Amino acid sequence: MNYRHAYHAGNFADVMKHAALALVVESLKRKDTPFFALDTHAGLGAYDLESVAADKTGEYRDGIAKILDRSDVPAAFEPYLTAVRTWNQGGGLRWYPGSPEVIRAMMRPQDRLALVELHPEDVVELRRRFAGDRRVGVHHLDGYVAAKGLLPPPERRGLVLIDPPFEVKDELERLRVALRRMRKLWPTGIVLVWYPIKGREPVRRFHQAIKDEGGPKTLAAELLIRPDDDPFRLNGSGLLVINPPWRLEEALTEALAWLAKVLAPVQGRHSLDWLIAEEVSSLV
């Protein structure tokens, strides 16, 4: 409960995660029928980049600040950057929309969003921020627990974003158990799971566990800004996508190749790997 995303808002991991999130939402909007979105670790919803916390680390300067005004940005970034620019209509870069506001910026009147947050101060801010928007519900709960009561949604189509703070050592194991439950509750839902890349071995074990359990098609996308050989610093950003929408792999391939070159010209690299290429029966 000590983690505060205000220190990291708009960093390279946010850019990757929110660009992919926006692409998924855009794909859901191709059909007129409503969709449901669940954000299990919603945070504050949006962040002031001139705050003491953001200024202390300055991580956004090596993330969103490096790409917002470039003229060579791939088309795959446009849904995401449109949301960021909407928050900074006077020019410059003062505000950064977190995942709740990225999703809300793209929602239609018929769509629905559930925001779950455990930190009591953040819940108060979320309720203030989204008050009056009948499409959005805010829940003061543990994100993994909330999924039991909120899935499957009546809309039957949509996405879950799981973006934990990774404050506990067994977070990847908690994720694996939560994903097993979610796949049973909502086998057709799109699930995006963010994970940090520090050392390679914990990620390798997590990927192997996902492969061993089987289930829907699952894509692992990663962006590294430095070698993944130091377990004490954030070297890269990973995103697991269960039931990825059509052509997401193609869009992410272009986007991440460009992002690696822009954010880390010397050491940057990216990868996209199918952990489960075709749906297989679960082994558990």
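Which helices and which strand do the buried residues of H4 pack against? Let's find out in the viewer. This is a predicted model, where local features need pLDDT of at least 70 and side-chain atom pairs count only at pLDDT 80 or more, while totals for chains, interfaces and linings use all residues. Residues are numbered from 1 along each chain as its sequence is written, and side-chain values use heavy atoms, leaving out hydrogens and water.

**Stop one: helix H4.** Buried here (under 20% relative accessible area, 1.4 Å probe, protein chains only) are Pro79, Tyr80, Leu81, Ala83 and Val84. They pack against helix H1 (12-28), helix H3 (64-67), strand E3 (95-97) and helix H5 (99-106).

**Stop two: the core.** Tyr80 is also one of the residues with the most contacts inside the largest nonpolar core, which has 66 residues. Such a core is a set of buried Ala, Val, Leu, Ile, Met, Phe, Trp, Tyr and Cys residues joined through side-chain atoms within 4.5 Å. H1 gives the most to this core, with 12 residues. Apart from it lies another core, of 30 residues, including Tyr144 and Phe206.

**Stop three: Asp163.** Look in the loop between strand E6 (158-162) and helix H8 (171-185). Asp163 is buried, at a relative accessible area of 14%. Beyond its neighbours within four places in sequence, Asp163 is in contact (heavy atoms within 4.5 Å) with Lys17, Thr40, His41 and Trp194.

Notes. Helices (H or I, at least four residues) and strands (E, at least two) are DSSP runs, numbered from the N terminus. Buried means under 20% relative accessible area, exposed over 50%, partly exposed in between (1.4 Å probe, protein chains only).
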